Structures are given as structure tokens and as C-alpha cells.
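Please open the model in your viewer and keep the selection panel at hand. The tour below goes from one selection to the next and tells you what is there.

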Amino acid sequence: MTSTALRSRAWKLLEMVTTPLLPSDYLDLVSPLRAGADLRGRIEAVHPETDDAATLVIRPGRGWRGHTAGQYVRIGVDVDGVRLWRAYSLTSPTDRRDGRVTITVKAIPDGKVSNHLVRSARPGTLIQLDQPTGDFVLPRAKPAKVLYLTAGSGITPVMGMLRDTEFDDVVMVHCAPRPQDVIFRDELHARAGDEKLRLTEVHTDTDGMLDIARLDALVPDWTERETWACGPAGLLDAAEKHWSDHGVPERLHTERFRPSVVVTGDGGEVTFSATGKTVDADGATPLLDVGEEAGVLMPSGCRMGICFGCVTPLKTGAVRDLRTGEITEAEPGVLIQTCVSAAAGPCDIER
Amino acid sequence: MTAIDPTAHLTATQIEELGRELDAIRDEVIAGRGEKDAAYIRKVIAAQRKLELVSRGVLLFSSFPPAWLLGTAGLSVAKIMDNMEIGHNVLHGQWDWMRDPKIHSTTWEWDHVSPSDQWKHSHNELHHTYTNVIGKDNDLGYGIMRVDEDQKWHPLHLGQPLWNFINACFFEYGIAAYDLELGKNLNKRGRKNPEFRARAKAVGRKIRKQVLKDYVIHPLLSGPSFLPTLGATFTANLVRNIWSHSVIMCGHFPEGVQVFERRSIKGETRGQWYLRQMMGSANISGSKAMHFMTGNLSHQIEHHLFPDLPSNRYAEVAVKVRALFEKYELEYVTGPLPKQVFSAWRKVFRLSLPNKKPGVRTPDRARELVAA
């Protein structure tokens with residue numbers, strides 16, 4: 001018998017010992033970051049960067065496969081007892097000796113997770129992790145000249161790149177409202193002082209928003225540079241047009257943070273994606289009734305919100321709890337009680 | 001269905017107002033759910049797992065009598081925690097709001113021979129929706145007992161104290177049979193029904209795993225302590241079964257609890273549904289430890305009003321609910337465990353015999369209703 005087969009036999013036996021739980025349920029008590037566990041991380045330190053941004057040092061579990069500079073990671077963090085998932089760029093270099101990684105978070109107004117991470121996250125806290133992902137990365141072959149064009153928290157993936165790979169000729173144009181809002185400002189200035197980086201800060205409170213036409217003045221040779229740009233949609237749209245108009249669109253690489261903008265309203269178009277049906281629903285009819293009316297096979301129970309026999313994944317959109325008026329927006333893993341939820345704008349129910 | 005309706009003094013408007021007041025209590029708890037509650041259930045789950053692990057560890061040496069005693073006691077408590085404060089409440093969806101897939105009604109499985117999805121159907125859906133409605137809520141006597149004068153007497157009921165005792169000892173098997181609606185499905189047609197067969201198979205699988213764990217694998221692991229460990233796990237299951245049976249009997253069986261007839265729930269409003277839960281449930285009074293060990297089902301009235309609120313909140317909710325009982329002049333049936341268990345058992349004995357006068361309530365029953 002091979003060792004894998006032997007190990008799987010042993011594991012099966014162990015499962016019989018722990019049934020109905022799994023051996024991992026017990027192992028998680030003592031070693032939540034071990035190899036083979038669901039991927040988690042432990043926050044080991046929180047360093048403030050600006051008034052509303054902080055860097056979190058995270059020790060990832062043994063299953064962490066490592067990242068490429070510029071990539072992001074989805075993290076699941078419990079805020080007021082509710083697990084919420086968000087994506088943040090990794091700001092640490094890929095070869096950090098101690099195996100830790102960092103993400104840098106900017107608190108956005110009313111942002112539940114970002115405000116929690118910046119202001120209330122405590123060292124020692126366990127968080128859930130996904131493997132890093134994203135194709136906003138550097139190429140294998142080093143380009144001769146590089147331009148980083150960033151604004152606000154758009155600097156975070158670029159910081160990961162900057163710290164990871166040294167190029168001979170790097171220019172960075174970074175926009176932030178005021179000098180004190182520039183995340184990593186000290187480090188950027190230190191790098192600029194070492195002449196490893198040519199840095200231009202645009203302070204939008206005093207200078208106004210960056211007009212992409214000014215780029216000719218700021219970086220005269222920008223068309224020769226391999227460019228990575230990250231920031232608000234307006235900046236990226238303008239950049240894409242500018243690079244296209246000058247016939248060098250392939251030189252520009254962009255990363256858009258897509259804060260999921262959910263349109264909420266009263267009623268809306270309901271899609272039952274597994275069945276392939278779409279119907280209009282008002283804001284007062286339970287989605288269970290909407291589905292049954294449309295001929296979708298819906299699990300059901302008490303039909304009054306108490307038995308949890310009808311819970312179903314909400315894939316996109318938002319629903320309103322007919323008892324409390326509370327709005328629930330789609331996120332991976334969010335389940336809703338269809339018997340007491342109505343459409344609050346367009347939504348997709350996995351049935 | 002009661003001879004004298006203890007809610008007769010309430011107008012329809014009052015009942016709806018009562019419903020709104022209860023909704024307000026519910027909304028307040030929901031708005032206040034947070035980190036502390038999440039930390040509570042995580043702590044309870046971790047404590048249960050550690051206790052079970054340590055107890056089973058101690059039982060490896062159970063040929064040494066003090067180890068047997070300690071391990072058996074620990075395992076009994078661990079099993080009670082698993083079923084009551086954790087399993088029952090997680091399976092009610094009380095912790096679904098945390099969005100933790102590991103502590104969720106759709107993924108949880110418990111140390112019990114009834115698979116959790118089958119139990120959720122018979123308990124969450126049937127029992128909690130149709131609480132104490134004769135013919136709809138099979139928890140009323142579990143289909144094997146007569147628990148109200150208005151249920152028809154049959155000579156088989158003479159044996160119900162015995163059935164009830166046996167049911168208490170092997171309660172988890174009773175529940176599994178009950179969830180399968182075994183009585184109804186054992187006829188030829190039921191046995192051939194593919195849906196029933198699939199569910200029966202699932203129960204069979206669960207029983208096999210549970211029995212293998214408790215009565216084969218752990219005793220074998222104990223080596224020379226095989227027999228003492230076997231005895232210990234049997235005892236722990238027995239203790240857990242009798243305990244949960246007793247707690248559950250106290251929820252709806254004690255004197256003073258009302259039952260309802262089918263037609264009374266036709267077109268029931270939210271206020272009326274709440275009122276039925278209030279009149280159809282009974283509490284157990286006692287210490288914090290007592291509430292914990294019953295899985296907070298000692299707050300059965302509050303649990304039936306708000307089955308999906310986190311169990312650790314029932315104690316604070318109870319204060320407000322009790323005030324509403326007083327305001328609306330309703331009887332809040334509660335008492336210490338021995339008194340409630342005795343009351344429930346007395347009813348089981350009394351109703352094993354036919355009514356003294358058919359159709360007319362026994363005098364003590366009528367007196368209680370007047371008092372209510």
C-alpha cells in the first residue's frame with residue numbers, strides 16, 4: 001500500500017473516532033494555521049500609515065502558496081460577529097524572510113470591513129484567507145523603463161511591486177488629497193532620496209485632479225514606459241483613452257478596485273440562475289412565492305421565517321427582510337430565508 | 001379547545017398589539033447581536049470539544065474506577081452540551097447570521113442518531129409552526145402518548161407511562177423514529193416509498209457511525225478497559241437521553257399548558273400565533289448553570305416566540321416577555337425542574353386512563369384554567 005493510501009486509511013479511521021465531527025474540528029482548536037487546515041491567517045501587528053490607513057502584518061497558514069507582486073488576497077474577517085469578505089492588495093515583497101505578508105487598508109466612509117481593520121483590528125486575531133490572485137503583476141522580463149501611476153489606495157498593489165523588484169528606471173506619479181494622506185510617504189521619499197525612484201506627488205486638494213494631459217510635462221517619456229496604473233475609475237478611464245490615443249495601449253496595465261455597487265430598490269428583476277428563469281418581483285412578495293409562481297423548485301418549510309428550511313444562496317443583488325426591513329447584499333456564502341425576503345433591486349437566487 | 005379559554009379576555013386589537021410588542025422585543029435583540037454573542041457560541045463549542053476530548057481520554061483508563069466516574073460524568077455533560085446548547089440552537093439557525101459556514105444550520109451535524117436535516121424538518125418546521133395543535137404537532141405525546149383530555153382514549157394508552165420511560169432512556173432513537181414518522185410509514189405503502197427509504201437509509205448510516213464510535217472504536221482504543229469504556233459511553237448516552245427527555249417534557253407537557261385544535265389556527269394572525277406559543281409552552285426556573293445545561297430550553301416560552309434568536313439572549317428576553325404576560329393577564333407557566341418533571345409525568349399517568357366524565361374536564365384542570 002502506498003503511503004498516501006495508508007494515510008487516507010488512517011484519516012478515515014480517525015473520522016470514525018470523531019464522528020459526527022471531523023478530526024480537523026479538534027485540530028483547529030490547537031493549530032488553526034497547520035498544513036491541511038482551511039486557509040487562515042493570524043494578524044500579528046497593525047501599523048498605522050496615515051489617519052485612515054493601516055498595514056496589517058499577517059502570518060498565513062501553512063497552506064499559503066505565496067503571491068506575485070501586485071496580486072490581491074480575499075480575507076474573511078468577523079466584524080461585530082458577522083464574517084465579511086473583502087479583497088486587499090498585498091503590499092509585502094514576495095521574498096519576505098519571516099513568511100509574513102502585509103496588506104494595507106484604507107478606511108473608506110461607511111466601509112464596515114476597512115474601518116474595522118484600520119481602527120479595531122487586534123494582533124492575535126484569526127482571519128480567513130483565500131489564495132492570492134490577480135493578473136496585475138510584473139512581467140518575467142524586466143522592462144527598461146517603468147511608470148507607476150496611482151491614486152489614493154491604488155498605491156497598495158504598486159507598493160508590493162516596488163518593494164519586490166528593483167528596476168533601473170522607475171517613475172511614480174501618485175495622487176492624494178494632501179501630503180499627509182500619502183500612504184507609505186516616508187518610504188517613498190526614502191526611495192526617491194536613494195535615487196531608486198523618481199517620485200511626483202500630486203496633491204489634489206491644492207493641485208486639483210490630475211489631468212492626464214499633464215503627463216507629458218510630468219513624465220516626458222511616458223510612451224516609452226511600461227506602465228502600471230491603479231486608482232479610481234475616472235483616472236483609469238482617462239489613462240486608457242490617453243494610451244490608446246497615442247497608439248501605445250499595450251504599455252498600460254490597469255487594476256480596478258471594484259467595490260461591488262449593489263443597486264437597492266423596492267422590488268426588481270429576480271433571476272433563478274440554476275433554473276434559468278427571470279421574473280419581475282415587487283418589493284412585498286416573498287422570493288419563495290416568486291420562485292414557486294415561476295415554476296422554480298424551491299425548498300420550503302414553515303413559510304414564516306422560523307424553520308430555516310428555505311435558506312438559499314443569494315448570488316448577486318440585494319434582498320429586504322420583510323419583518324425587519326433589513327437589507328442583505330450578496331456576498332459569497334450569503335444565504336437568505338426566501339420565505340421572508342423580497343427583492344430589493346435586481347437579484348440572483350441560486351435555484 | 002380548552003373548556004375555559006384563558007385568553008378569552010383579550011380583544012382582537014389587544015392580541016395584535018401584543019404581537020407588535022413581541023416583534024419589537026425581537027427587533028431589539030436582532031439589532032444588538034454582535035461580537036459578544038459570536039464569542040459566546042465559539043467559546044461554548046470549544047469548551048464542549050475540549051471536555052469531550054479530555055473525558056474520552058480519561059476513559060482510556062476506565063478500568064480504574066475514579067477514571068470511569070470522571071470520564072463518564074464529563075462525557076455525559078459534553079453530550080448534553082452538544083445536543084442542547086449547541087446542536088439544537090445551531091440547527092434552529094440561531095447563529096446563521098454570523099455567516100460562519102462551520103457554525104451554520106445548513107452544515108451542522110450533531111452527536112445524535114437522527115440526521116440533522118430530518119430533525120430540522122420535524123422540529124423546526126412542524127413542531128414550531130404548529131405548536132400544540134392536536135393532529136398537526138406530533139410533539140404532543142410523540143404519537144405514542146395521550147397528553148390532553150381532548151385526545152381520544154385507547155386501551156393502548158394504559159401502557160404510556162412505560163412507553164414514556166423507555167422513550168426517555170433511548171430518546172435519541174425515539175426522536176429518529178419520530179422524525180422518520182416510522183409509525184405512519186411502516187405499512188406496505190410507506191415501506192415502498194423511495195423518499196422514505198432514502199431517509200431511513202440516512203438514519204441507518206448515522207446510527208451505524210454513532211454506534212461504531214461509542215460502542216466499538218472507543219472501547220477498543222481503551223484496550224484492557226474495553227468493557228468499562230463500553231459501560232461509560234452507554235451510561236453517558238443514557239444520562240444525556242434522560243436529561244434531554246426531561247427538559248423537553250417540561251416544555252409543553254406540564255399542567256397549565258394549553259393545546260389547540262386544528263380549526264383554531266385557520267387564518268391565524270401573527271398576534272394569534274404568538275399568543276398560541278405563549279399559552280402552549282412552559283419554562284423551567286433555576287440557576288444560570290441550569291439554563292445552560294437545558295440549552296436555554298428552560299426559556300421554552302421565549303424560545304417558542306423567537307426560535308431563531310441566539311440562546312444566550314433568552315434570559316434577558318424573558319424579563320420583557322414575562323412583563324407582557326402580566327400586562328395581558330396571562331399565566332406564565334414556570335417552575336423548578338423537579339416540579340415541572342413531576343407535573344408532566346403526573347399528566348402522563350393521569351391520561352393513561354380514560355377521562356372521568358367523557359367530554360368534561362377534570363375539576364382540578366378547570367380550576368387551573370380559571371386561575372389562569
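Which residue of chain B meets the side chain of Arg83(A) in a salt bridge? Select Arg83(A) and then Asp100(B): their side chains form that salt bridge, with N and O 3.4 Å apart, where a salt bridge is a side-chain nitrogen of Lys or Arg within 4 Å of a carboxyl oxygen of Asp or Glu. Side chains of opposite charge can pair when their charged atoms come close.

Before going on, please note that this is a predicted model, in which local features need pLDDT of at least 70 and side-chain atom pairs count only at pLDDT 80 or more, while totals for chains, interfaces and linings use all residues. Residues are numbered from 1 along each chain as its sequence is written, chains are lettered from A and ligands numbered from 1 in the order in which they are written, and side-chain values use heavy atoms, with hydrogens and water left out.

**Stop 1: where the chains meet**

Now select Arg42(B) and Asp78(A), which form a salt bridge whose closest N and O atoms are 3.5 Å apart. This pair runs between chains, from helix H2 of chain B to strand E3 (residues 72-79) of chain A; helices (H or I, at least four residues) and strands (E, at least two) are DSSP runs, numbered from the N terminus. The rule finds five salt bridges across the interface of chain B and chain A, and over all chains the count comes to 53.

If you highlight Arg49(B), Arg99(B) and Lys102(B), you will see the three residues that supply 22% of the area that chain B buries against chain A, more than any other three.

**Stop 2: the annotated span of chain B**

Select residues 67-334 of chain B, which the unreviewed UniProt entry annotates as "domain: Fatty acid desaturase"; such positions are given in the numbering used here, feature names are shortened, and annotations may be inferred rather than shown by experiment. Over this span the chain is 59% helix and 0% strand, and the end C-alpha atoms are 38 Å apart.

**Stop 3: the annotated span of chain A**

Move to residues 36-139 of chain A, where UniProt places the feature "domain: FAD-binding FR-type", again from an unreviewed entry. This span is 9% helix and 43% strand, and its end C-alpha atoms lie 31 Å apart.

**Stop 4: two domains of chain A**

Colour chain A by its domains, whose bounds come from an automatic or database domain assignment: domain 1 (1-29), domain 2 (34-131), domain 3 (144-253) and domain 4 (266-347). Taken over C-alpha atoms, the centres of domain 2 and domain 3 of chain A are separated by 25 Å, and 16 residues of domain 2 are in contact with 13 residues of domain 3. Between them, domain 2 and domain 3 of chain A bury about 1100 Å², 62% of it on carbon and sulfur atoms. Across this interface of domain 2 and domain 3 of chain A, the rule finds zero salt bridges.

Methods:
Contact means heavy atoms within 4.5 Å. Buried area is the accessible area (1.4 Å probe) that two parts lose on being put together, summed over both.
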